[in-house]
Amino acid sequence: MTESVVAAPPAPPDSPPDVRPDPPTRTGRPPVRARADRVLPLHRPWRWAATAVVLVLLAQAGHGLLTNPFYQWDRFGYWFTRPVIVDGLLITLQVAAYSAVLGLLGGIVLALGRLSSNPVLRAVSWAYIWLFRSVPLIVVLLFLYNFSALYPTLSVGVPFGPAFFTFDESRLAADIVVAVVGLTLCEAAYAAEVVRSGLLSVDQGQHEAASALGLPRRYQFARIVFPQALRSIVPAYVNQLIGLLKATSLVFYVSLLDLFGSVQSMGATYPGDVVPLLLVATVWYVILTSVVSVVQFYVERYYARGALRTLPLTPLQRARAGLDSLRERFRTETAI
């Protein structure tokens, strides 16, 4: 009686070797590899050289900015929180807030007019955007400031017929009203193109799916199309909003003492403090734009929830991740 021996099938020639991971240590962390098994990082000497040059230039610029007596930093500290400067800052914020909200609302209406199937609405919206994007803002403000000379009274009624209401335009044309109206007219023209590009960025399938469900057009726009378009609208419009904050400095020419107007008037009264006063305006504008940029980051992060698998880290989360990475690297180097 013979025994049959069955031979094991040969292993394929290209099969990987049986490599098992090292068992974890008592602390639960993976074992530290020997120094010979570590992957050395790629050396980048030119990057370090460029970093050193940039740091040297920044150090020189900072040293010159702090030690140059021409800047008069003591006078800068004196003017920075003076009541006249703070009052001008509040007027700047007020004008910018009104113009931003009204400009965005007007931009939405104009964008819908551009996308409308009605040829009259489409033509009027296009003509408005073309006109106010072509005329400089200072011209619009000066024209509105002298508008009462062209039309002393305004009326509402039947065209070429009797008027129902008549009122004096000069009583309504206060300085802040002229500033807000002028900025809003120009801001709406730019906001319309921003909103239109955001609406066009929404996939056509979203419109078709909403129509297939039988949803009203108003509900489709308010709950489906516009929230998705905001992801594209927010970055561009916040950039436009930063430009609006700086454009408020032109309302000084319509006799409104905003931040820049207050600085200009104080510079004319105290000629020796012109440079520190300009630095005060510069720092306040930088603070305002920085706050707007921070708000932009969190608004973009909010509307990116349905489009990204992983949301971008906040500055605090990024700092924590960097500290954890440094701590883990230090622990690894110490163990080796």
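The largest nonpolar core of the protein has 53 residues. A nonpolar core is a set of buried Ala, Val, Leu, Ile, Met, Phe, Trp, Tyr and Cys residues joined through side-chain atoms within 4.5 Å. Buried means under 20% relative accessible area, exposed over 50%, and partly exposed in between (1.4 Å probe, protein chains only). The residues with the most contacts inside this core are I85, L183, I233, V280 and W284. Two or more residues each come from helix 2, helix 3, helix 5 (137-145), helix 8 (175-201), helix 10 (217-247), helix 11 and helix 12 (274-303). Helix 10 gives the largest share, 13 residues. In soluble globular proteins, nonpolar side chains tend to be buried together.

The model is predicted; local features need pLDDT of at least 70, side-chain atom pairs count only at pLDDT 80 or more, and totals for chains, interfaces and linings use all residues. Residues are numbered from 1 along each chain as its sequence is written, and side-chain values use heavy atoms, with hydrogens and water left out.

The protein contains 13 helices and two strands. These are DSSP runs numbered from the N terminus (helices: H or I, at least four residues; strands: E, at least two). Of the 336 residues, 26% count as buried. The protein exposes about 23400 Å², and carbon and sulfur atoms supply 65% of this area. Accessible areas come from the Shrake-Rupley method with a 1.4 Å probe; for residues, only the protein chains shown count as cover.

Helix 3 (residues 83-114) packs against helix 11 (residues 259-269), with axes that come within 7 Å and cross at roughly 150 degrees. Axes are lines fitted to C-alpha atoms, for helices over the stretch in contact, and angles run from 0 to 180 degrees between N-to-C directions. Helix 3 is therefore roughly antiparallel to helix 11. Angles over 145 degrees count as roughly antiparallel, under 35 as roughly parallel, 65 to 115 as roughly perpendicular and the rest as oblique. Helix 3 contributes V84, I85, G88, L89 and T92 to the contact, and helix 11 contributes L259, S262, V263 and M266. Six of these residues are nonpolar, three are polar and none is charged. Ala, Val, Leu, Ile, Met, Phe, Trp, Tyr, Cys and Pro count as nonpolar, Asp, Glu, Lys and Arg as charged, and the others, Gly among them, as polar.

Leaving aside its neighbours within four places in sequence, W284 is in contact with F80, I85, L89 and L259. Y78 lies in helix 2 (residues 73-80). Y78 is partly exposed, at a relative accessible area of 37%. Its C-alpha atom is separated by 9.8 Å from that of V280, 202 residues away along the chain.

E193 is placed in helix 8. With a relative accessible area of 18%, E193 is buried. Beyond its neighbours within four places in sequence, E193 is in contact with R114, I129 and R133.

Two loop residues have a positive phi. Q72 has a phi of about 55 degrees although it is not a glycine. Q72 sits in the loop between helix 1 (45-67) and helix 2, and is partly exposed at 24% relative accessibility. S255, also not a glycine, has a positive phi of about 65 degrees. S255 lies in the loop between helix 10 and helix 11 and is partly exposed, with a relative accessible area of 44%. Most residues other than glycine have a negative phi.

Technical notes. Contact means heavy atoms within 4.5 Å.
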